[in-house]
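Subject: Structure handover and notes

Dear colleague,

Please find the structure below. My notes on what was found in it follow.

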Amino acid sequence: MRILVLSDSHGCNDDVEGVIRQIGHIDMLIHCGDVERGEDYIRSLVDCPVHMVAGNSDYDLDLPETAIFPVGDHTVLVTHGHRFFVNRDVDRLRLFGQEQGADIVMFGHTHVPYIEIDEDMTILNPGSLSYPRQEDRKPTFLIMETDEYGQAHFGHGYYKSKFSEYEI
C-alpha cells in the first residue's frame, strides 16, 4: 500500500495537485491539517480513501480534529498537532497516541519534516508543500509504504513545482 501524507498546504491546491501528479499512483491520501480551502477539490484529485483533519487555520471546514483508522496491521492517528504544543516537543502527542492505541502518529503545524521511529510508536510530520520552515525551505511531503509483511516504511520527498528545482 502506498500512502501520500501532506500537511499545511494552506489553500495552495495547485501544489497538492502537482505532488499527486509527481508521485503517481497512491492507495490513500492523508492531510494533517491547515487545508484552508478546497477540501472537496483535494478529494476529487484522487481515486482512493482520503483522511483529512482540521488545523488551526481551518476555521470554516467541517473536518475532525483527529482521525484514527487502521492501515494494515497498524493503527494510525492523525492530528494537526497545535493542541499538543508540537512546536515545543512531541511528548504530549506521543502520550495521546499511546492512550488511543496508535502505533503510527502523524501531525503537521510545524511545517518541518520529522520522523521518529522507536519500538512502540512512529511519529511523523510530512512538513509543508507550500510554506516550508526547515533550513533548506524545500517543499516536502511524506510517503508511507507497507510491504507484503505488513511492515511500514517512511520517507520524505521534495516537491518539484514549476517554481522550484527540488525533486524526490
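A polar contact here is a pair of N or O atoms within 3.5 Å; within protein, one atom must be able to donate a hydrogen and the other to accept it, and residues adjacent in sequence count only if both atoms are side-chain atoms. The model is predicted, so local features need pLDDT of at least 70 and side-chain atom pairs count only at pLDDT 80 or more, while totals for chains, interfaces and linings use all residues. Residues are numbered from 1 along each chain as its sequence is written, and side-chain values use heavy atoms, with hydrogens and water left out.

H109 is found in the loop between β6 (104-106) and β7 (114-117); helices (H or I, at least four residues) and strands (E, at least two) are DSSP runs, numbered from the N terminus. H109 counts as buried because its relative accessibility is 15%, where buried means under 20% relative accessible area, exposed over 50%, and partly exposed in between (1.4 Å probe, protein chains only). Its side chain makes polar contacts with the side chains of N56, at 3.1 Å, and N87, at 3.4 Å. Leaving aside residues up to four places away in sequence, H109 touches (heavy atoms within 4.5 Å) eight others: S7, D8, N56, H80, H82, V86, N87 and R133.

D8 lies in the loop between β1 (2-6) and α1. The D8 side chain reaches the backbone nitrogen of H109 at 3.0 Å and makes a 3.1 Å polar contact with the side chain of H111. D8 is buried yet has no salt bridge, and the nearest side chain of opposite charge, R133, is 6.6 Å away. A salt bridge is a side-chain nitrogen of Lys or Arg within 4 Å of a carboxyl oxygen of Asp or Glu; for charge, Lys and Arg count as positive and Asp and Glu as negative, with His and the chain ends not counted.

In helix α3 (residues 91-99), the buried residues are L93, R94, F96 and G97. These lie on the same side of α3 because they cover an arc of only 165° around the axis, taken from the directions from the helix axis to the C-beta atoms. The buried residues of α3 pack against β4 (66-71), β5 (74-79), β6, β7 and β8 (122-125). G101, which follows α3, has a positive phi near 75°.

D14 is in helix α1 (residues 13-23) and is exposed, with a relative accessible area of 60%.

Regards
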